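Please keep the sequence and the model in view while reading.

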Amino acid sequence: MTEQNRATKKRRITVVGGGSFGTALADISATKGNHVRQWMRSAEQAEAMNTTHVNERYLPGFTINQNVVATSDLAFALESSDLVFVAIPSKAFREVVRSMKGLVDGKLLVSTTKGVEAETFDLMSEILHEELPGARIGVLSGPNLAKEIMAKCITATVIACEDDELCQTVQEVLHCDYFRVYANHDRYGVELGGALKNIYAIVSGLAEALGMGENTKSLLITRALAEMGRFAVTMGANPLTFLGLAGVGDLIVTCTSNLSRNFRVGYALGEGKSLEAAEKALGQVAEGINTLKLVKEKADEMGVYMPIATGLYEIIFNGHDIADIARTMMLREQKTDVEFILQQS
Ligand SMILES: NC(=O)C1=CN([C@@H]2O[C@H](COP(=O)(O)OP(=O)(O)OC[C@H]3O[C@@H](n4cnc5c(N)ncnc54)[C@H](O)[C@@H]3O)[C@@H](O)[C@H]2O)C=CC1
Ligand SMILES: O=C(CO)COP(=O)(O)O
């Protein structure tokens, strides 16, 4: 097939997940003329979406392309599809993908979920490998606020996988005049960056609510990147991947936008709300809370120095005073600016 034919080929796409990001991906894929089925667990939500073409619960005010067919029938959603995006929160991810057994052999399967599994410290593509070994697996991650994608703001993302054909297919399916897809072979690094940055989005929301200055916010984001890199190296990942869209790009957007749910949870905490109240008011998933708990435990276990994540953990889970934590961090031993710690090969 020529490159031109490949790029214009209409494909059958399935999106598993009825939340904001799944809907945004379904919308772009359909806008490109592909046949799209979107699975969600609620039959009523699917029926309402097929009638109104609006996802009222997660993306109110945005009209979804009419070629998206919503369904609560997983087998129907997956039958004859070429490419499947999985946009299910990490807590329910394994349970949902288990129910896809026997339905996706040989298909291209792409996780868009930025989280970590509690019991295993698995990232979502690792769960896909374990549960659905017959599929070809990739990860989509980047600075991708769902509402901005629906508003057709110029956006870019990363498809990460060693399988070049998978990367190329995703690029062809999603690429349009407002959405650009870069390929990366480092699946683990791209996925780890997407999960870790949520921790620092919470910290940034908290700093914003406390009226901290621009110097402080810049300090937080930059040192967050240093912490992320240190953690990545200890996990055997390449920290240089974090210099791309799925690392620093996503860190910037989620640490500076109140469209980020993690940022909003941090903001609510900074206003003095409890974690329960902040999560309840959000009504959507903020992966960073769970990730913070797991990364803090892992960092302690492996002896990785992560003062910002540890400080946030103490505030959220041990009730420490925010001002005390900030003061302690400022009085710590002064470190070097840039730490280039490359993997030993
Ligand atoms: N919303 C965004 O801007 C972006 C989100 N992501 C990632 O995408 C993932 C999914 O997030 P969103 O779509 O934003 O979440 P969301 O909070 O908007 O929606 C979650 C969806 O998952 C469904 N769900 C929850 N538990 C389920 C279960 N047990 N079985 C079936 N369905 C279940 C909910 O019904 C809902 O449809 C998250 O990990 C997030 O990090 C990635 C990029 C951007
Ligand atoms: O990952 C995101 C943007 O890239 C979305 O962030 P939140 O989950 O914090 O809304």
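## Domains of the chain

The domain assignment divides the chain into domain 1 (3–185) and domain 2 (196–331). Their C-alpha centres are 26 Å apart. Where the two domains touch, domain 1 contributes 22 residues and domain 2 contributes 19 residues. On the side of domain 1 that touches domain 2, at least two residues come from each of α5, α7 (146–150), β7 (155–160) and β8 (179–184). The largest share of that side, three residues, belongs to β7. Sorted by class, the side of domain 1 that touches domain 2 holds 10 nonpolar, eight polar and four charged residues.

A UniProt record, an unreviewed entry, places the feature "domain: Glycerol-3-phosphate dehydrogenase NAD-dependent N-terminal" at residues 13–166. Over residues 13–166, the chain is 34% helix and 21% strand.

## Confidence in the model

The structure is a predicted model. The mean pLDDT of the chain is 94, and 96% of its residues reach 70 or more. The model also scores ipTM 0.98 and pTM 0.95. Where pLDDT is low, predicted coordinates should not be read in detail.

## The surroundings of ligand 1

Which residues are closest to ligand 1? They are G18, G19, F21, A92 and A146, within a shell of 26 residues that surround the ligand. The helices α2 and α5 (90–98) each supply at least two residues of this shell. The largest share, four residues, comes from α5. By class, the shell around ligand 1 has 11 nonpolar, 11 polar and four charged residues.

Why does ligand 1 lie between the domains? Domain 1 (3–185) and domain 2 (196–331) both give residues to its shell, so ligand 1 is placed between them.

## The surroundings of ligand 2

Ligand 2 is surrounded by 13 residues, and the closest are N144, T254, S260, R261 and N262. At least two residues of the shell around ligand 2 come from each of α9 (187–209), α11 (245–256) and α12 (261–270). The largest share, three residues, is supplied by α11. The classes in the shell around ligand 2 are four nonpolar, five polar and four charged residues.

Ligand 2 also lies between domain 1 (3–185) and domain 2 (196–331), because both domains give residues to its shell.

## Positions in the binding-site record

The UniProt record, an unreviewed entry, places the feature "binding site" at S20, F21, R41, Y58, K114, A146, R261, V285 and E287. Two of these positions are described here.

F21 lies in helix α2 (residues 20–31). Is F21 buried or exposed? F21 counts as buried because it has 23 C-beta neighbours inside 10 Å, and the cut-off for a buried residue is 20 or more. Apart from neighbours within four places in sequence, F21 is in contact with A87, T112 and A146.

K114 is found in the loop between β5 (108–111) and α6 (124–131). K114 has 30 C-beta neighbours inside 10 Å and therefore counts as buried. Leaving aside residues within four places in sequence, K114 is in contact with S141, G194, A195, N198 and E287.

F231 belongs to helix α10 (residues 214–234). Because F231 has 23 C-beta neighbours inside 10 Å, it counts as buried. Not counting residues up to four places away in sequence, F231 touches L196, V295, A299, V304 and M306. F231 and L192 are 39 residues apart in sequence, and their C-alpha atoms are 9.6 Å apart in space.

## Two residues with positive phi

Most residues other than glycine have a negative phi. H53, a residue other than glycine, has a positive phi near 60°. H53 lies in the loop between α3 (43–52) and β3 (68–71). With 16 C-beta neighbours inside 10 Å, H53 counts as partly exposed.

F121 likewise has a positive phi near 60°. The position of F121 is in the loop between β5 and α6. F121 is partly exposed, because 14 other C-beta atoms lie within 10 Å.

How values were computed
Residues are numbered from 1 along each chain as its sequence is written. Chains are lettered from A and ligands numbered from 1 in the order in which they are written. This is a predicted model: local features need pLDDT of at least 70, side-chain atom pairs count only at pLDDT 80 or more; totals for chains, interfaces and linings use all residues. A residue is near a molecule or strand if its C-beta atom, placed from the backbone, lies within 6 Å of it. Ala, Val, Leu, Ile, Met, Phe, Trp, Tyr, Cys and Pro count as nonpolar, Asp, Glu, Lys and Arg as charged, and the others, Gly among them, as polar. Domain bounds come from an automatic or database domain assignment. UniProt positions are given in the numbering used here, feature names are shortened, and annotations may be inferred rather than shown by experiment. A residue is buried if 20 or more other C-beta atoms lie within 10 Å of its own, exposed if 12 or fewer, and partly exposed in between; C-beta atoms are placed from the backbone. Two residues are in contact if their C-beta atoms, placed from the backbone, lie within 7 Å. pLDDT is the predictor's confidence in each residue, from 0 to 100.
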